[in-house]
Amino acid sequence: MHAIYTLSTILFLQVAQSDAPAPETATMKPVLWYRQPAAVWEEALPVGNGRLGAMVFGGAPVERIQFNEETLWDGYPRERVNPKAREALPEVRRLLFEGKNEEARQLADETMLGVPPRIDSYQTFGDLRLDIKGEPVADSYRRHLDLDTGIATTQYRVEAPDGAHTITREVFVSAPDQVIVVRVAADRPGAIDLDAWMTRPADAAFVVKDESLGVLRGQINRPHHETGENVGRRLAAYLQCRNEGGALSRGDDTLSVRGADAATLLIAAATDYRAIDQDAACRETLNALSDFNAVRARHIKDHQALFQRVRLDLGLGEADALPTDARLARVRRGRDDPGLAALYFQYGRYLLMGSSRPGCLPANLQGVWNEHLNAPWNSDYHTNINLQMNYWPAEVANLAECHVPLFNYMDTLVPSGEKTAREMYGARGWVVHHLSDIYGFTAPADGVWGVWPMGAAWLAQHPYEHYLFSGDAEFLRARAYPLMKGAALFLLDFLVEDPQGRLVTNPSHSPENTFLKPDGTKSMFTYGATMDLLIIHDLFTNCIEAAAILDTDAEFRATLQDALARLAPLQISPKTGRLQEWIEDYDEPEPGHRHMSHLYGLHPGDQITLRGTPDLAAAARKSLEYRLSHGGGHTGWSRAWIVSFWARLGDAEKAYANLRALLAKSTLPNLFDNHPPFQIDGNFGGAAGIAEMLLQSHAGEIHLLPALPEAWSSGSVTGLRARGGFEVDMHWSGGRLGNAKIRAIQGGPCRLRVAGTGYGIAVSDGAEVASSTETDGADSVLTFTTEPGQSYTVAHLPRDDG
């Protein structure tokens, strides 16, 4: 049956069905705010432009602004492949197939780890310190971060002998001008007196050049492992002070402003990573800057061009007017706060914008913000979930440009990854193990758990996702497919037959987790772990689809098809009904483990779907329930992942319960994710989970409001993106979709699923559109063909098949 609707008909019927007023639209700006300065780094507020980041403490009268530049890493490029690995590999495989896991582990530990097996840390650049004369008046203090403008503001009153005045400080990091900007102003002329200087914990010194300029310059102390020569990164940060009124002066180690109406401090920072003269780069940046108002205006315009693409309203509540730390405390007491969830979603988008922009490195374990010389986990690129999770919201949350640094970074890993594949495994293609750095590290790291050669394969999902959301065939041909094919070539050569004749990975891990063998011994080293099989299925399937779209590599496609047919299958435990994590039905010594790697096919993969593979979905649900019943989800990023699992299983209330747990148990006062300690992946995973609750498009259809909890019964969202090249706006009330607008970017077929029956569709200009409508259980499923650039409205209305 085909139903024909026009927009005018839909609008008339919407009005006719109800006399109730439209739900109130939330007008609260996306702002984090506090009544006191940050006492510790995890309370400071982040600003960033992808390359530069700063943490604003809001201290008064003494301020600390810790800052970073993305390329300031310890270490240097060096050969890492273990020359013993390739010769030892057949014996490691034999031992694993024979169940001699511990012997295999010992041999791999001796022969397969990188040389050396550890990398060095991403480091802080330093601190800007300000001593601003005048003590704050009690109860006058407020600091906030406006996500819509990307500006952190501190404001307070000061009593002075010549009269009270208000001091306002603004801090932002400009992407157009590549500079950190600090503005200090008062509402009384001549009231600004301050001293400014920069510090670094090691390997640098601050020198005052003149009354308006100071330079923090140095070199990380890192001797070359063979020559002893210092090959550490060279660094320079230039601090320029511009006054409005008053006078500038210099001390031995400070810049001073006296009697000014306002002062602007500008920081340009660079290293020699990209073979540039870091001092010349800083001077050029500062010399190109115009006045403060122009720099500020350019920053806001650039920032809002990305940030304002998506708006989310989950309803107003009594907590909306509270400081952010008070809202978190309220959630910890078990209270609902839909507005905080919306703020957390937008904060995830904000952080991605601040740590991953075109031309920059990708976001690392802490985005771009890190106060340490030796950071937790080196603030590196962990590729067994964490780096990937950083980019889960990029496409759906309409920040596709922010995804590009990941693809560029993957390109830089290919040469090293090819060498590692060839020399360690005798394989074609490229490989990455469980972590990397900015120097092309692709060998196994840390310990035998690092012998996990699936990192490149998982990363290769991301450029294909970028294609699926954009429909950009040229990107698929030139960028995505070569990365995907290279990762697939490695796996084709790495796969071996197990004793039952199935293709499996060997050696293998389920990342960082262990199992109990029948004899009671514990191991993590095995073959054919379920996650490996899921990643391989995902990559090979995507490569086959991509090659078909590009009409290329028919023989390669056939090879992949054959490998998929021989790949060891997913298994449901006959003992427990759960999806097996390993190729054998092992017991688990840590049933509440933070990694839930065998559920990759549920999310972020699509091999397990609620309607397409109901038995596997039921088994995945049992696995998830079992993990949670034993304390799983105790780290921030793990809890964030669970939100998406429940959303994919269509369980709105459990998705919401785990989002609340993420906020209550794993969120720091500045809304940073807490592993503990701080890791940014949970912020991005949590934002992606919220998007999954509102919109899904992984199963061949766009599912509107697939996991809407009762707490969000009324709301709206604009600007989310769906696979197939669509943008989606939605408004809902009473837990039911009111209307949605689907904007076709590329044009082509569209299949929509909506909870409830009786929904119709029309193009926005009033023209007619033919759509087929079917009922699937309690859902309406609409199928229609879209035209590029056209918008289509979905709304609930009586059927008229005449």
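## Aromatic pairs

In this predicted model, the aromatic side chains form 27 pairs. One of them joins Trp73 and Tyr381, whose rings are stacked, with 5.7 Å from centre to centre and 25° between the planes. Trp73 belongs to the loop between strand 5 (62–69) and helix 2 (85–97), whereas Tyr381 belongs to strand 19 (residues 381–382), so the pair ties together parts of the structure that are 308 residues apart in sequence. Trp73 and Tyr381 are both buried.

Aromatic residues also gather into a cluster, and one such cluster is formed by Trp41, Tyr347, Tyr350, Trp369, Phe672 and Phe678.

## Charged groups over rings

Arg142 lies over the face of Trp33, at a distance of 4.2 Å from the ring centre. For Arg578, the charged end sits over the ring of Tyr626, and the distance to the centre of that ring is 3.6 Å.

## The largest cavity

Six cavities with a volume of 30 Å³ or more are found in the structure, and the largest of these has a volume of about 240 Å³. Its lining is made up of 20 residues, and those that lie nearest the centre of the cavity are Trp392, Glu465, Phe469, Glu692 and Arg723. Two or more lining residues come from each of helix 11 (461–470), helix 18 (681–694) and strand 25 (695–696), and helix 11 gives the most, with four residues.

Sorted by class, the lining of the largest cavity consists of eight nonpolar, six polar and six charged residues.

## The second largest cavity

The second largest cavity holds about 80 Å³ of space. It is lined by 13 residues, of which Gly48, Val173, His299, His303 and Arg357 are the closest to its centre. The elements that each supply at least two residues of this lining are strand 3 (45–48), helix 5 (292–307) and helix 7 (338–355).

In terms of residue class, the lining of the second largest cavity divides into five nonpolar, six polar and two charged residues, while the corresponding division for the largest cavity is eight nonpolar, six polar and six charged.

Definitions and conventions: Residues are numbered from 1 along each chain as its sequence is written. This is a predicted model: local features need pLDDT of at least 70, side-chain atom pairs count only at pLDDT 80 or more; totals for chains, interfaces and linings use all residues. Side-chain values use heavy atoms; hydrogens and water are left out. Rings of Phe, Tyr and Trp (its six-membered ring) pair if their centres lie within 6.5 Å; planes under 30 degrees apart count as stacked, over 60 as edge-to-face and the rest as tilted. Buried means under 20% relative accessible area, exposed over 50%, partly exposed in between (1.4 Å probe, protein chains only). A charge sits over a ring if NZ of Lys or CZ of Arg is within 6 Å of the ring centre and within 35 degrees of the ring normal. On a 1 Å grid over the protein atoms alone, a cavity is a set of points where a 1.4 Å probe fits but cannot get out, and a pocket is an open set with protein on both sides within 12 Å along at least five of seven lines; lining residues have an atom within 4 Å of a point. Grid points are joined across faces, edges and corners, and a volume is the space filled by probe spheres set on the points. Ala, Val, Leu, Ile, Met, Phe, Trp, Tyr, Cys and Pro count as nonpolar, Asp, Glu, Lys and Arg as charged, and the others, Gly among them, as polar.
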